[in-house]
Amino acid sequence: VRQDRAHDSNYQSSLLNEARAAARLNHPNIITLYEADFDGTQLYLAMELASSSLADKLESGKPLHYLEVVSVAIDVCQALAHCHDNNVIHRDIKPQNILLTADEQPKLADFGLARPAETTTMRTSIGGTVTYMSPEQIDARSVDGRSDIYSLGVVLYHMLTGNPPFVGDSERQVLNAHVNDPVPPMDPRLRVPVRLEEIVRRSMEKRPDDRFANAQDMSLALDGIPQSPVGSSQAP
């Protein structure tokens, strides 16, 4: 735990909340929590080691091949489906929280903002990361698993294009774009299959009812993406 926050009661509460959320989950695409304890001076979490993250892959600003994107996305969808089936909404899906093992298996991590689904029927304080935040989080409305689906859609857009869909000179501009602006079209030169771009757009619909109903449905749609450029927006 960060030394400057080790004795912060709010931070400690968030850490314990993460431990409680993670303890309810057991899935190959969710980081394993081994222990949460107090060493006499501060709280700590002991977790499975993952050597890198999706953020490391995106640091260069270059897009990833769509087949790699689909593979990662399906694994994260399966992790989210498990979370949601156990009444846990992650609320902070972003590349930094998608860790990668030595063999590059995706592992969803950081449940510090996770909340039981039954508590999200009330208005919640804004939480998450501006670049990947759903419109309902921004508006402090009730959230469910479809908020995580929106955030995952933003991550997929970032992976496929090399950049997030919404950028601006201020956080306010980015938040406003999530709520009001259409998803920018992907450059045809990227050769992203049309069906895959449609999946990303559907996952990023402003209204939760217009998105995939659940992460399993999104996973099934991704599983139907052709393994060759057939149907892509441009031939190789």
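A salt bridge is taken here as a side-chain nitrogen of Lys or Arg within 4 Å of a carboxyl oxygen of Asp or Glu, and by this rule the count comes to 13 salt bridges. The structure is a predicted model, in which local features need pLDDT of at least 70 and side-chain atom pairs count only at pLDDT 80 or more, while totals for chains, interfaces and linings use all residues. Residues are numbered from 1 along each chain as its sequence is written, and side-chain values use heavy atoms, with hydrogens and water left out. Helices (H or I, at least four residues) and strands (E, at least two) are DSSP runs numbered from the N terminus.

**Salt bridges between elements**

- Glu48 and Lys107 form a salt bridge in which the closest N and O atoms are 3.1 Å apart.
- Because Glu48 lies in the loop between strand S2 (43-47) and strand S3 (52-53), whereas Lys107 belongs to strand S6 (residues 106-108), this pair ties together parts that are 59 residues apart in sequence.
- Buried means under 20% relative accessible area, exposed over 50%, and partly exposed in between, with a 1.4 Å probe and protein chains only; Glu48 counts as buried at 19% relative accessibility, and Lys107 counts as buried at 7%.
- Lys57 forms a salt bridge with Glu68, with the closest N and O atoms 3.0 Å apart.
- Lys57 lies in helix H2 (residues 54-58) and Glu68 in helix H3 (residues 66-85), so the pair ties together parts that are 11 residues apart in sequence.
- Lys57 counts as partly exposed at 25% relative accessibility, and Glu68 counts as partly exposed at 25% as well.

- The side chains of Arg189 and Asp187 meet in a salt bridge at 2.7 Å, N to O; Arg189 is exposed, with a relative accessible area of 66%, whereas Asp187 is partly exposed, with 29%.

- In helix H6 (residues 171-180), the buried residues are Val174, Leu175, Ala177 and His178.
- These residues cover an arc of only 155° around the axis, which puts them on the same side of H6; the arc is that of the directions from the helix axis to the C-beta atoms.
- The buried residues of H6 pack against helix H4 (135-138) and helix H5 (145-161), where contact means heavy atoms within 4.5 Å.
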